[in-house]
Amino acid sequence: MKRTTRRPARTEPWHPYAWQTQSLLLAYPDDQFPSRLALTHKVATALPGAVAEPLLCFTSHAERTSGADLAAAYVATFDHRKRCCPYLTYYAHGDTRKRGIALLRLKQTYAASGRRLTDDELPDHLAVVLEFAATDPAAGHRLLTEHRAGLELLRLALHDDNSPWAALLDSVSATLPALAGDEHEAVARLAAEGPPEEQVGLAPYTPPQFMPDPAGGPR
């Protein structure tokens, strides 16, 4: 496999604003969601067009959609479709022991920056990773680029489903370097083979409700 040397993570002053906004919009659309949409309009004016335009595309859709319908679509997309899993380590490690180790390392990275997760948060949920990136841009940029192949596969899956959340993944991708040669290969492999399938070793790290259900049920 061809290897491409990755450049050191480079962050821009606007990155934290973009990642925080993307994080808020990728969370479950609860009663506070309208205020997040209003904030997006304010933040978008300070972002590059490639980052801002997909955000505004999503907010336009969300503002035309009732809260109940948007919440139902969110659950149908992220909770019931394994291919649209928002947990980034799943793409690299599947339901294997290695995923448990990857989750632990993420928690350690957050702790080193003073970030403590609540009991109902998993460290590899894209919204959580983006929120961390907004507070520690260099470390967050590094985490996002490490999971670049999984992010791209999620983006493509959302586009295949004509999901409004695909625009948010377009916005996230626009904050990161273009896919390198080896990452294109990783995306192709994941699309063809899927994540590893070993089903043991995650109990200490991953509560069952947060795991993608092979039958397509709730996490």
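Guide: Pro 16, Trp 19, Gln 20, Gln 22, Ser 23 and Leu 26 of α1 make contact with Leu 126, Ala 127, Leu 130, Glu 131, Ala 133 and Ala 134 of α7, contact meaning heavy atoms within 4.5 Å. By class, eight of these residues are nonpolar, three polar and one charged. Here Ala, Val, Leu, Ile, Met, Phe, Trp, Tyr, Cys and Pro count as nonpolar, Asp, Glu, Lys and Arg as charged, and the others, Gly among them, as polar.

Visitor: What sort of model is this, and what are the ground rules?

Guide: It is a predicted model, in which local features need pLDDT of at least 70 and side-chain atom pairs count only at pLDDT 80 or more, while totals for chains, interfaces and linings use all residues. Residues are numbered from 1 along each chain as its sequence is written, and side-chain values use heavy atoms, with hydrogens and water left out.

Visitor: How many helices and strands are there?

Guide: The protein chain has 11 helices and zero strands. Both are DSSP runs numbered from the N terminus: helices are H or I with at least four residues, and strands are E with at least two.

Visitor: Back to α1 and α7: at what angle do they cross?

Guide: The axes of α1 (residues 15-26) and α7 cross at roughly 155° and come within 8 Å. That makes the two helices roughly antiparallel, a label for angles over 145 degrees. Axes are lines fitted to C-alpha atoms, for helices over the stretch in contact, and angles run from 0 to 180 degrees between N-to-C directions. The crossing is left-handed; that is, the near helix is turned anticlockwise from the far one by less than a right angle.

Visitor: Is α7 buried or exposed?

Guide: Eight of its 10 residues are buried, so α7 is largely enclosed by the rest of the structure. Buried means under 20% relative accessible area, exposed over 50%, and partly exposed in between, with a 1.4 Å probe and protein chains only. The buried residues of α7 pack against α1, α5, α6 (97-112), α8 (137-146), α9 and α10.

Visitor: And what share of the chain is buried?

Guide: Of its 219 residues, 46% count as buried.

Visitor: Which residues have the most contacts inside the largest nonpolar core?

Guide: They are Leu 26, Phe 58, Leu 126, Leu 144, Leu 158 and Trp 165, in a core of 49 residues. Helix α7 (residues 126-135) gives the largest share of this core, eight residues. A nonpolar core is a set of buried Ala, Val, Leu, Ile, Met, Phe, Trp, Tyr and Cys residues joined through side-chain atoms within 4.5 Å.

Visitor: What does Phe 58 touch?

Guide: Leaving aside residues up to four places away in sequence, Phe 58 touches Leu 25, Phe 33, Leu 37, Pro 164, Trp 165, Ala 167 and Leu 168.

Visitor: How do α2 and α3 pack?

Guide: Helix α2 (residues 33-44) and helix α3 (residues 49-64) pack at about 150°, with axes 10 Å apart. That makes α2 roughly antiparallel to α3. Their crossing is left-handed.

Visitor: A change of topic: which loop holds Asn 162?

Guide: Asn 162 is in the loop between α9 (148-160) and α10 (166-173). Its phi is near 55°, a positive value in a residue other than glycine. At 70% relative accessibility, Asn 162 counts as exposed.

Visitor: Finally, where is Ala 92?

Guide: Ala 92 is in helix α5 (residues 88-93), and its relative accessible area of 40% makes it partly exposed. Ala 92 and Ala 102 are 10 residues apart in sequence and 9.5 Å apart in space, C-alpha to C-alpha.

Definitions and conventions: Parallel < 35°, antiparallel > 145°, perpendicular 65-115°, else oblique.
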